[in-house]
Amino acid sequence: MDSNIKSIIDKIWLVFHSGGVANPLTCIEQITYLLFIKGLDDIELKNEKDDVLLGITSKRIFDEDHQDCRWSIFKEYEASRMFKVMQEKVFPFIKQLGNDKESSYAKYMEDAMFLVPTPIVLQKVVSSLDKIEMNDRDTKGDLYEYLLSKLSTAGTNGQFRTPRHIIKMMVELMQPTEKDVIVDPACGSAGFLVEAGEYLRNNRPELFNYEESLQHFNNTMFYGFDMDRTMLRISAMNLIQHGIENPNIEYKDSLSEDNQDESKYTLILANPPFKGSINSDITSKKLLDMTNKTKKTELLFLALFLKILKIGGRCASIVPDGVLFGSSNSHKAIRKELIENHKLEAVISMPSGVFKPYAGVSTAILIFTKTNAGGTDKVWFYDMTADGYSLDDKRQKVKENDIPDIIERFKNRYSDEEQERGRTEKSFFINKEEITENDYDLSIKKYKEVIIEKRECRDTNVILEDLKKGQELLKKGIEDLEELLK
């Protein structure tokens, strides 16, 4: 990411804090609103230029009554006037945006609050954000990524930000199509949905040439659920900023009995919460039955994925390592369900530093297809040891990176070369029968073979003699020093 943009965001962060806004989520939300407003005016300015070139008049975002809601207009106002316009006109304007009043965007903007504390803080923030060019999609993505990196701790329910390069890898592995109906049942800031949309723009550009597929992309392709209304607003704006006009972002406890979704989606991309207490009184009875009445959210979410996927639907989900080898009846039950009644495709083991500095947990990516008729004959394992960043709290870029290799090998996993790899390599296949014999254990350590190199060591008597000589030299050195000090 551009270091200049990082510097600008860091300065804005300090401005908010010095102004008395200490909650990082509030800071992110307010910055996101302002970026959204700036982005709207950028679109309007581009449309105006295009209209002049083409000699047409296209539909406008800002009507005559709302011209002073445009970034390019109000950014020139003095502080008190800017603050008044933002409170009384701009904010009400963005709250009522959306193609219709029933859209999820309009719904979750209803209770949005303008919390920039003072005119001076607003003017400083607007002046700083005005320096950021946001015409490039990657810049927008990097900007949101860096903003969210300010959430330095995991949430109370065990959710934490998924690094963008891991999201991108998972989307590349799943290769969304223009016919997919994509959901993230614990969507946070909608990173998976945004990246899926970007993948389609880059790899399926033909979908934008047809009205039917374009309408599907804008209205019925993307679904995200969360229980944090602030994150829902951020995710809605994030998706709209990335060109998805009416994403289906909803306040929903995905694990509850109220979630009536069943056999609805064709693709799940997710990093659900790994911990947290659940109220079994409101948790879906079907999910509890599938997992032997567990209270572990990571197991309940896997059951949920199988419930809401259509037959033939695919899933890529991050899970904590405990899911792979846990010995409880609930752990075994969900692994057996995936392997015996569906098609478990892959287990990608990730190093524990991937989620630092937020958490040091070891995780894996499970990839499977819902079949209700089995289909697992063997499972592809990959031992990721590097993701392109240092595995400490600093997470600085490094040369070592398994991600390109993971994508390449997974796409070619049915090739003879991949099928014949041995267990000492980065990737290999394990037959279903062996996994079954091992209580459906999916830990890569259970199957990977490590080559131990035999090294010749010096004779212990020689080592002992060397130590004695070293002691004698040290003793003589001390005696010489004492003599000099007399």
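**Ground rules.** I am working with a predicted model, where local features need pLDDT of at least 70, side-chain atom pairs count only at pLDDT 80 or more, and totals for chains, interfaces and linings use all residues. Residues are numbered from 1 along each chain as its sequence is written, and side-chain values use heavy atoms, leaving out hydrogens and water.

**Helix pair.** I looked up α2 (residues 24–54) and α6 (residues 119–129), and they pack at about 55 degrees with axes 11 Å apart. (Helices are DSSP runs of H or I with at least four residues, strands are runs of E with at least two; axes are lines fitted to C-alpha atoms, for helices over the stretch in contact, and angles run from 0 to 180 degrees between N-to-C directions.) That angle makes α2 oblique to α6, oblique being whatever is left after under 35 degrees (roughly parallel), over 145 (roughly antiparallel) and 65 to 115 (roughly perpendicular).

Which residues of α2 and α6 make the contact? I found Ile31, Leu34, Leu35 and Lys38 of α2 against Leu122, Val125 and Leu129 of α6, with contact meaning heavy atoms within 4.5 Å.

**Sheet.** I then traced nine strands in an open, mixed sheet, ordered β3-β2-β1-β4-β5-β7-β6-β8-β11; strands pair if DSSP finds at least two bridges between them. β3 (248–251) and β11 (427–431) are at the edges with a single partner strand each, so one side of each lacks a neighbour in the sheet. Strand β2 (residues 222–226) runs parallel to β3, joined by four bridges; Asp226 has Tyr251 of β3 as its bridge partner.

**Helix on the sheet.** I noted α8 (residues 164–174) packing on the sheet, where it touches β4, β5, β6 and β7 and makes about 150 degrees with the direction of β5.
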